[in-house]
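Welcome, and please have a look at the sequence and the model below. The report that follows walks through it one part at a time.

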Amino acid sequence: MASMEDGLSLETCVQLNDGNRIPLLGFGVFEVQPGGECERAVSAALETGYRHIDTALVYRNEASVGAAVAQSGIPREDLFITTKTPFELVPDRIREAFQGSLERLQIDYVDLYLIHWPVTDELAPAWETLQDLRSEGRCRSIGVSNFTVPRFDNAFLPRVSTLPAVNQVECHVFNQQCELRRYCESKGIAVEAYSPLTRARRLDDPTVRRIAAECEKSVPQVMIRYLLQQGVVTLARSASPDHIRQNADVFDFSLTPEQMRRLDALNEDMEVQDWHPKGFY
Ligand SMILES: NC(=O)c1ccc[n+]([C@@H]2O[C@H](COP(=O)([O-])OP(=O)(O)OC[C@H]3O[C@@H](n4cnc5c(N)ncnc54)[C@H](OP(=O)(O)O)[C@@H]3O)[C@@H](O)[C@H]2O)c1
(Lines give C-alpha, C1' and ligand atoms only; values in the text may rest on other atoms or scores of the structure.)
Protein backbone atom coordinates (compact mmCIF):
# COMPACT_ATOMS: atom_id res chain seq x y z
CA MET A 1 0.00 0.00 0.00
CA ALA A 2 1.03 3.58 -0.58
CA SER A 3 3.54 5.09 1.80
CA MET A 4 3.36 8.83 2.37
CA GLU A 5 5.55 9.48 5.33
CA ASP A 6 7.69 12.34 3.98
CA GLY A 7 6.70 15.96 4.05
CA LEU A 8 3.16 15.55 5.32
CA SER A 9 1.34 18.62 6.61
CA LEU A 10 -2.16 19.79 7.38
CA GLU A 11 -2.24 21.06 3.79
CA THR A 12 -1.33 17.69 2.24
CA CYS A 13 -3.93 16.51 -0.25
CA VAL A 14 -4.61 13.26 -2.06
CA GLN A 15 -5.60 13.35 -5.71
CA LEU A 16 -8.90 11.60 -6.42
CA ASN A 17 -9.70 9.58 -9.57
CA ASP A 18 -11.75 12.52 -10.91
CA GLY A 19 -8.78 14.91 -10.66
CA ASN A 20 -10.01 16.73 -7.53
CA ARG A 21 -7.85 16.96 -4.43
CA ILE A 22 -8.92 16.06 -0.90
CA PRO A 23 -7.05 17.10 2.27
CA LEU A 24 -5.48 14.04 3.90
CA LEU A 25 -6.61 14.95 7.42
CA GLY A 26 -10.23 15.89 7.96
CA PHE A 27 -12.41 16.85 10.90
CA GLY A 28 -15.57 14.77 11.52
CA VAL A 29 -18.66 15.87 13.43
CA PHE A 30 -20.60 12.65 14.03
CA GLU A 31 -22.35 12.91 17.43
CA VAL A 32 -21.18 16.50 17.93
CA GLN A 33 -24.30 18.21 19.27
CA PRO A 34 -26.05 20.60 16.87
CA GLY A 35 -25.83 24.23 18.01
CA GLY A 36 -23.10 25.67 20.19
CA GLU A 37 -21.07 22.49 20.64
CA CYS A 38 -20.79 21.84 16.91
CA GLU A 39 -20.22 25.50 16.01
CA ARG A 40 -17.45 25.79 18.60
CA ALA A 41 -15.83 22.54 17.47
CA VAL A 42 -15.86 23.45 13.78
CA SER A 43 -14.59 26.96 14.56
CA ALA A 44 -11.76 25.46 16.64
CA ALA A 45 -10.93 23.07 13.81
CA LEU A 46 -10.84 25.85 11.22
CA GLU A 47 -8.73 28.05 13.52
CA THR A 48 -6.34 25.11 13.98
CA GLY A 49 -5.97 24.86 10.21
CA TYR A 50 -8.19 21.92 9.22
CA ARG A 51 -9.81 22.68 5.88
CA HIS A 52 -11.69 19.40 5.43
CA ILE A 53 -14.97 18.94 7.31
CA ASP A 54 -17.02 15.73 7.21
CA THR A 55 -20.69 15.91 8.15
CA ALA A 56 -23.89 14.09 7.12
CA LEU A 57 -27.59 14.75 6.89
CA VAL A 58 -28.23 12.25 9.66
CA TYR A 59 -25.79 13.96 12.06
CA ARG A 60 -28.36 16.81 12.20
CA ASN A 61 -25.58 19.37 12.54
CA GLU A 62 -25.12 20.60 8.96
CA ALA A 63 -26.59 24.00 9.93
CA SER A 64 -24.05 24.35 12.74
CA VAL A 65 -21.21 23.42 10.37
CA GLY A 66 -22.57 26.01 7.92
CA ALA A 67 -22.74 28.69 10.60
CA ALA A 68 -19.14 28.08 11.70
CA VAL A 69 -17.90 28.01 8.12
CA ALA A 70 -19.73 31.24 7.27
CA GLN A 71 -18.43 32.92 10.39
CA SER A 72 -14.82 31.84 9.65
CA GLY A 73 -14.57 34.02 6.54
CA ILE A 74 -12.34 31.37 4.93
CA PRO A 75 -12.73 31.49 1.14
CA ARG A 76 -15.01 28.70 -0.07
CA GLU A 77 -12.40 27.38 -2.50
CA ASP A 78 -10.00 26.75 0.39
CA LEU A 79 -12.47 24.41 2.13
CA PHE A 80 -13.37 20.80 1.45
CA ILE A 81 -16.85 19.96 2.72
CA THR A 82 -18.38 16.49 2.63
CA THR A 83 -21.94 15.52 3.37
CA LYS A 84 -23.95 12.37 2.76
CA THR A 85 -27.26 11.08 1.40
CA PRO A 86 -30.26 10.12 3.47
CA PHE A 87 -30.56 6.41 4.21
CA GLU A 88 -33.56 6.23 1.89
CA LEU A 89 -31.83 5.91 -1.49
CA VAL A 90 -34.70 7.07 -3.70
CA PRO A 91 -33.68 9.62 -6.38
CA ASP A 92 -36.33 12.26 -5.52
CA ARG A 93 -35.58 11.94 -1.83
CA ILE A 94 -31.83 12.30 -2.47
CA ARG A 95 -32.36 15.43 -4.57
CA GLU A 96 -34.60 16.99 -1.95
CA ALA A 97 -32.19 16.09 0.85
CA PHE A 98 -29.19 17.35 -1.12
CA GLN A 99 -30.85 20.74 -1.64
CA GLY A 100 -31.58 20.91 2.11
CA SER A 101 -27.94 20.07 2.88
CA LEU A 102 -26.70 22.90 0.64
CA GLU A 103 -29.07 25.34 2.33
CA ARG A 104 -28.13 24.30 5.86
CA LEU A 105 -24.43 24.38 4.99
CA GLN A 106 -24.92 27.83 3.38
CA ILE A 107 -22.90 26.81 0.31
CA ASP A 108 -23.77 26.35 -3.34
CA TYR A 109 -21.79 23.16 -3.91
CA VAL A 110 -20.34 20.40 -1.76
CA ASP A 111 -16.90 19.03 -2.43
CA LEU A 112 -17.87 15.41 -1.84
CA TYR A 113 -21.31 13.80 -1.65
CA LEU A 114 -21.46 10.19 -0.45
CA ILE A 115 -23.99 7.39 -0.44
CA HIS A 116 -23.98 7.03 3.34
CA TRP A 117 -25.04 3.40 3.70
CA PRO A 118 -25.73 0.75 1.03
CA VAL A 119 -29.16 -0.13 2.39
CA THR A 120 -30.28 -1.87 -0.82
CA ASP A 121 -28.84 -3.91 -3.69
CA GLU A 122 -30.54 -1.49 -6.11
CA LEU A 123 -27.92 1.22 -5.92
CA ALA A 124 -27.77 2.30 -9.57
CA PRO A 125 -30.65 4.86 -9.42
CA ALA A 126 -29.09 6.55 -6.38
CA TRP A 127 -25.68 6.60 -8.03
CA GLU A 128 -27.12 8.09 -11.22
CA THR A 129 -28.67 10.84 -9.09
CA LEU A 130 -25.26 11.63 -7.59
CA GLN A 131 -23.73 11.63 -11.07
CA ASP A 132 -26.41 14.11 -12.21
CA LEU A 133 -25.73 16.37 -9.21
CA ARG A 134 -22.07 16.35 -10.13
CA SER A 135 -22.83 17.11 -13.80
CA GLU A 136 -24.96 20.03 -12.64
CA GLY A 137 -21.94 21.37 -10.74
CA ARG A 138 -23.62 21.04 -7.36
CA CYS A 139 -21.03 18.61 -6.02
CA ARG A 140 -17.46 18.26 -7.17
CA SER A 141 -16.82 14.60 -6.32
CA ILE A 142 -19.10 11.67 -5.51
CA GLY A 143 -18.42 8.55 -3.54
CA VAL A 144 -19.74 5.84 -1.28
CA SER A 145 -19.44 4.80 2.32
CA ASN A 146 -19.57 1.48 4.15
CA PHE A 147 -19.09 -0.49 0.92
CA THR A 148 -17.46 -3.92 1.21
CA VAL A 149 -15.66 -5.85 -1.55
CA PRO A 150 -18.71 -8.10 -2.22
CA ARG A 151 -20.92 -5.02 -2.34
CA PHE A 152 -18.69 -3.46 -5.01
CA ASP A 153 -18.31 -6.69 -6.98
CA ASN A 154 -21.82 -8.09 -6.84
CA ALA A 155 -24.24 -5.21 -6.45
CA PHE A 156 -22.52 -2.04 -7.58
CA LEU A 157 -19.75 -2.05 -10.16
CA PRO A 158 -21.54 -4.31 -12.69
CA ARG A 159 -24.43 -1.82 -12.76
CA VAL A 160 -22.75 1.59 -12.89
CA SER A 161 -20.64 3.42 -15.45
CA THR A 162 -18.50 5.63 -13.19
CA LEU A 163 -16.32 4.63 -10.26
CA PRO A 164 -16.80 6.40 -6.93
CA ALA A 165 -13.96 8.73 -6.00
CA VAL A 166 -13.89 7.45 -2.40
CA ASN A 167 -15.14 4.75 -0.08
CA GLN A 168 -15.45 5.99 3.51
CA VAL A 169 -15.19 3.09 5.97
CA GLU A 170 -14.24 2.29 9.53
CA CYS A 171 -10.45 1.99 9.60
CA HIS A 172 -7.99 2.16 12.47
CA VAL A 173 -5.08 0.32 14.03
CA PHE A 174 -7.37 -2.45 15.27
CA ASN A 175 -9.35 -2.72 12.01
CA GLN A 176 -6.96 -2.02 9.19
CA GLN A 177 -9.24 -3.10 6.31
CA CYS A 178 -6.25 -4.51 4.41
CA GLU A 179 -8.23 -6.45 1.79
CA LEU A 180 -10.70 -3.61 1.17
CA ARG A 181 -7.88 -1.07 0.93
CA ARG A 182 -5.98 -3.21 -1.58
CA TYR A 183 -9.18 -3.65 -3.59
CA CYS A 184 -9.96 0.09 -3.60
CA GLU A 185 -6.38 0.93 -4.48
CA SER A 186 -6.53 -1.45 -7.44
CA LYS A 187 -9.63 0.41 -8.72
CA GLY A 188 -8.27 3.90 -7.99
CA ILE A 189 -10.85 4.53 -5.24
CA ALA A 190 -9.45 6.50 -2.28
CA VAL A 191 -10.23 5.09 1.16
CA GLU A 192 -11.31 7.47 3.89
CA ALA A 193 -10.89 6.20 7.45
CA TYR A 194 -13.67 6.85 9.91
CA SER A 195 -13.43 6.16 13.63
CA PRO A 196 -9.61 6.38 13.39
CA LEU A 197 -9.48 6.75 17.17
CA THR A 198 -11.75 3.74 17.78
CA ARG A 199 -14.27 6.20 19.26
CA ALA A 200 -11.86 6.37 22.18
CA ARG A 201 -12.45 2.70 23.09
CA ARG A 202 -8.87 1.50 22.70
CA LEU A 203 -6.80 4.49 23.81
CA ASP A 204 -5.36 2.38 26.63
CA ASP A 205 -3.72 -0.24 24.41
CA PRO A 206 -0.26 -1.00 25.86
CA THR A 207 1.55 -1.32 22.51
CA VAL A 208 0.17 1.96 21.16
CA ARG A 209 0.91 3.62 24.50
CA ARG A 210 4.52 2.43 24.37
CA ILE A 211 4.96 3.74 20.82
CA ALA A 212 3.34 7.03 21.84
CA ALA A 213 5.83 7.32 24.71
CA GLU A 214 8.73 6.57 22.36
CA CYS A 215 7.55 9.39 20.08
CA GLU A 216 6.65 11.73 22.97
CA LYS A 217 3.18 11.95 21.47
CA SER A 218 -0.29 10.86 22.60
CA VAL A 219 -2.05 7.64 21.64
CA PRO A 220 -4.57 9.49 19.39
CA GLN A 221 -1.69 11.24 17.61
CA VAL A 222 -0.02 7.87 16.91
CA MET A 223 -3.31 6.38 15.69
CA ILE A 224 -3.85 9.28 13.28
CA ARG A 225 -0.23 9.37 12.10
CA TYR A 226 -0.34 5.59 11.43
CA LEU A 227 -3.07 6.12 8.82
CA LEU A 228 -1.70 9.35 7.34
CA GLN A 229 1.69 7.75 6.71
CA GLN A 230 -0.09 5.15 4.58
CA GLY A 231 -1.88 7.80 2.53
CA VAL A 232 -5.30 7.05 4.05
CA VAL A 233 -7.58 10.09 4.25
CA THR A 234 -8.35 10.27 7.96
CA LEU A 235 -11.39 11.81 9.67
CA ALA A 236 -10.93 12.36 13.38
CA ARG A 237 -13.67 13.78 15.58
CA SER A 238 -13.60 15.69 18.83
CA ALA A 239 -15.78 18.22 20.61
CA SER A 240 -12.84 19.39 22.71
CA PRO A 241 -10.72 22.27 21.34
CA ASP A 242 -7.63 20.82 23.07
CA HIS A 243 -8.14 17.44 21.42
CA ILE A 244 -8.92 19.11 18.08
CA ARG A 245 -5.55 20.91 18.20
CA GLN A 246 -3.73 17.82 19.48
CA ASN A 247 -5.13 15.66 16.68
CA ALA A 248 -3.76 18.07 14.07
CA ASP A 249 -0.35 18.21 15.74
CA VAL A 250 0.86 15.08 13.99
CA PHE A 251 3.25 16.52 11.44
CA ASP A 252 6.39 17.04 13.53
CA PHE A 253 7.20 13.35 13.94
CA SER A 254 7.06 10.16 11.93
CA LEU A 255 6.66 6.54 12.90
CA THR A 256 9.65 4.39 12.03
CA PRO A 257 9.21 1.31 9.82
CA GLU A 258 9.68 -0.80 12.96
CA GLN A 259 6.95 1.13 14.84
CA MET A 260 4.66 0.81 11.81
CA ARG A 261 5.21 -2.96 11.84
CA ARG A 262 4.32 -3.18 15.54
CA LEU A 263 1.12 -1.26 14.81
CA ASP A 264 0.36 -3.44 11.75
CA ALA A 265 0.48 -6.45 14.07
CA LEU A 266 -2.41 -5.07 16.16
CA ASN A 267 -5.08 -5.68 13.53
CA GLU A 268 -7.95 -7.76 14.86
CA ASP A 269 -10.82 -6.61 12.58
CA MET A 270 -12.46 -5.00 15.58
CA GLU A 271 -15.60 -3.01 14.73
CA VAL A 272 -16.67 0.02 16.72
CA GLN A 273 -19.50 0.72 14.26
CA ASP A 274 -22.22 -1.26 15.98
CA TRP A 275 -25.14 -0.24 13.76
CA HIS A 276 -25.56 -1.99 10.43
CA PRO A 277 -28.74 -1.55 8.39
CA LYS A 278 -30.79 -4.60 7.47
CA GLY A 279 -29.31 -6.35 4.46
CA PHE A 280 -25.84 -4.87 5.00
CA TYR A 281 -22.89 -6.94 3.88
N1 LIG B 1 -19.63 7.16 6.96
C2 LIG B 1 -20.00 6.68 8.12
O3 LIG B 1 -20.88 5.80 8.23
C4 LIG B 1 -19.30 7.18 9.36
C5 LIG B 1 -19.44 6.49 10.57
C6 LIG B 1 -18.77 6.98 11.69
C7 LIG B 1 -17.97 8.11 11.57
N8 LIG B 1 -17.86 8.77 10.38
C9 LIG B 1 -17.04 10.01 10.24
O10 LIG B 1 -15.75 9.81 10.84
C11 LIG B 1 -15.55 10.76 11.89
C12 LIG B 1 -14.67 10.18 13.01
O13 LIG B 1 -15.16 8.95 13.51
P14 LIG B 1 -15.93 8.81 14.92
O15 LIG B 1 -16.62 10.07 15.19
O16 LIG B 1 -16.72 7.57 14.86
O17 LIG B 1 -14.82 8.54 16.00
P18 LIG B 1 -13.26 8.84 16.37
O19 LIG B 1 -12.77 10.03 15.65
O20 LIG B 1 -12.55 7.54 16.20
O21 LIG B 1 -13.35 9.09 17.93
C22 LIG B 1 -13.98 10.18 18.51
C23 LIG B 1 -13.86 10.02 20.03
O24 LIG B 1 -12.48 10.14 20.40
C25 LIG B 1 -12.34 11.14 21.41
N26 LIG B 1 -11.11 11.86 21.15
C27 LIG B 1 -10.79 12.57 20.04
N28 LIG B 1 -9.55 13.08 20.14
C29 LIG B 1 -9.07 12.70 21.35
C30 LIG B 1 -7.86 12.95 22.02
N31 LIG B 1 -6.88 13.66 21.45
N32 LIG B 1 -7.70 12.41 23.25
C33 LIG B 1 -8.68 11.68 23.82
N34 LIG B 1 -9.86 11.42 23.23
C35 LIG B 1 -10.05 11.94 22.00
C36 LIG B 1 -13.56 12.03 21.25
O37 LIG B 1 -13.89 12.60 22.50
P38 LIG B 1 -13.78 14.20 22.76
O39 LIG B 1 -14.92 14.82 22.00
O40 LIG B 1 -13.91 14.31 24.23
O41 LIG B 1 -12.45 14.63 22.24
C42 LIG B 1 -14.62 11.03 20.82
O43 LIG B 1 -15.16 10.38 21.95
C44 LIG B 1 -16.99 11.08 12.32
O45 LIG B 1 -17.06 12.25 13.10
C46 LIG B 1 -17.67 11.18 10.99
O47 LIG B 1 -17.38 12.42 10.35
C48 LIG B 1 -18.51 8.31 9.27
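Predicted model: local features only at pLDDT ≥ 70, side-chain atom pairs only at ≥ 80, totals over all residues.

## Strand 3 and its two partners

Strand 3 and strand 10 pair in the parallel sense, joined by four bridges.

How are the faces of strand 3 (residues 25-28) covered? Leu 25 and Phe 27 lie on one side, Gly 26 and Gly 28 on the other, and all of them are buried.

## Around the barrel

Eight strands form a closed barrel in the order 3-4-5-6-7-8-9-10, with parallel pairing. From one strand to the next, the twist averages 30 degrees.

Two more pairings can be followed residue by residue. Strand 4 (residues 52-54) runs parallel to strand 5, and three bridges join them. Glu 192 has Val 233 of strand 10 as its bridge partner.

## A closer look at strand 5

Are the residues of strand 5 (residues 80-84) mostly covered or mostly open? The strand is mostly covered, with five of its five residues buried. Phe 80, Thr 82 and Lys 84 point one way, while Ile 81 and Thr 83 point the other way, and all are buried.

## The shell around the ligand

Which residues come nearest to the ligand? Among the 28 residues around the ligand, these are Gly 28, Phe 30, Tyr 194, Arg 237 and Ser 238. Gly 28 is one of the buried residues of strand 3.

Strand 10 (233-237) supplies at least two residues of this shell, and so does helix 9 (241-248). By class, the shell holds 11 nonpolar, 14 polar and three charged residues.

## Two helices that cross

Two packed helices are described by the angle between their axes and the distance between the axes. For helix 7 (residues 206-215) and helix 8 (residues 219-228), the axes come within 8 Å and cross at roughly 95 degrees. The two helices are therefore roughly perpendicular to each other.

Which residues of helix 7 and helix 8 meet? From helix 7 come Val 208, Arg 209, Ile 211, Ala 212 and Cys 215, and from helix 8 come Val 219, Gln 221, Val 222 and Met 223. The contact has seven nonpolar residues, one polar residue and one charged residue.

Between these helices there is a loop, and Glu 216 lies in it. Why does Glu 216 count as exposed? It has 8 C-beta neighbours inside 10 Å, and a residue is exposed if 12 or fewer such atoms lie within that distance. The C-alpha atom of Glu 216 is separated by 43 Å from that of Glu 103, a residue 113 positions away along the chain.

## Other loops worth a visit

Most residues other than glycine have a negative phi. Glu 31 is not a glycine, yet its phi is positive, at about 65 degrees. Glu 31 sits in the loop between strand 3 and helix 1 (36-48), and it is exposed, with 12 other C-beta atoms within 10 Å. Gln 106 is not a glycine either and has a positive phi of about 60 degrees. Its place is in the loop between helix 3 (91-105) and strand 6 (110-115). With 14 other C-beta atoms within 10 Å, Gln 106 is partly exposed.

One last stop is the loop between helix 4 (124-135) and strand 7 (139-145), where Gly 137 lies. Gly 137 is exposed, with 9 other C-beta atoms within 10 Å.

Notes:
Residues numbered from 1 in each chain as written. Near = placed C-beta within 6 Å. Nonpolar A, V, L, I, M, F, W, Y, C, P; charged D, E, K, R; others polar. Axes fitted to C-alpha atoms, helices over the stretch in contact; angles between N-to-C directions. Parallel < 35°, antiparallel > 145°, perpendicular 65-115°, else oblique. Contact = placed C-beta atoms within 7 Å. Buried ≥ 20, exposed ≤ 12 C-beta atoms within 10 Å, placed from the backbone. Pairing = 2+ DSSP bridges.
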